[in-house]
Amino acid sequence: GTLEITGAATFTSAKNITLNGVATINNTNTTNASIFSGNFTNGSNLLTIGGAGNTILSGIIGSGSGGLTIAGTGTVTLANSNTYTGTTTIDASSTLKLGSGTTISNSSAVVVNGTLDLAGYSETVGSIAGASTGLITSTVSGTLVLTAGGNDSSTTFAGILEDRAATSLALVKVGTGQLTLS
């Protein structure tokens, strides 16, 4: 199902949400960020967060193989240690901003076709891949390390790695799979 967030008022929810199928949050409120502080239990289901409004998830997305897709032009901030193991996909023109250094599960494959904003945090992910529209950057200072490859898959990332506001951004490849930067 789809949850539509419209209007200009602040939307907040502390409710825990269990996905019983594919689910979408479409946030079109561009005046105030929409905040979810409850946990999402996704099982094997895909959660898509989209729209032009900014969305903050401070609860945990977890307990399953379901993935997360970031769509739309708003920024989605994940501010907790999530445990879902499915693929994290950032669509072109979309932004996923980290709120901690353990935001994305270490086993999650990350497909960056939009922007992954490390926001001053180092992060470990299962793998990285993405098109030439992909950008891995940080809008916050720090000496950052992105570690990828622990899921041992072979991937190609054709986008840009940019330190932007960070002092430095290093990429560390681990695991047996091959990472091709093109």
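Mentor: Let's start with a definition: "buried" means under 20% relative accessible area, "exposed" over 50%, and "partly exposed" in between, with a 1.4 Å probe and protein chains only. This is a predicted model, so local features need pLDDT of at least 70 and side-chain atom pairs count only at pLDDT 80 or more, while totals for chains, interfaces and linings use all residues. Residues are numbered from 1 along each chain as its sequence is written, and side-chain values use heavy atoms, leaving out hydrogens and water.

Trainee: Is phenylalanine 11 buried, partly exposed or exposed?

Mentor: Its relative accessible area is 26%. Because that value lies between the 20% and 50% limits, phenylalanine 11 is partly exposed.

Trainee: What is the centre to centre distance in the aromatic pair of phenylalanine 11 and phenylalanine 36?

Mentor: Rings of Phe, Tyr and Trp (its six-membered ring) pair if their centres lie within 6.5 Å; planes under 30 degrees apart are stacked, over 60 edge-to-face, and the rest tilted. Here the planes make an angle of 55°, so the pair is tilted. The centre to centre distance is 5.4 Å.

Trainee: In which strand does phenylalanine 36 lie?

Mentor: Phenylalanine 36 is buried, with a relative accessible area of 2%. Its partner, phenylalanine 11, sits in the loop between β1 and β2, 25 residues apart from it. Strands are DSSP runs (E, at least two residues) numbered from the N terminus, and phenylalanine 36 lies in β5.

Trainee: Which residue in β19 is the bridge partner of glutamate 123?

Mentor: Two strands pair if DSSP finds at least two bridges between them. β16 and β19 pair in the parallel sense over 3 bridges, within an open sheet ordered β16-β19-β22. The partner of glutamate 123 is leucine 146.

Key. Helix = DSSP H or I, 4+ residues; strand = E, 2+ residues; numbered from the N terminus.
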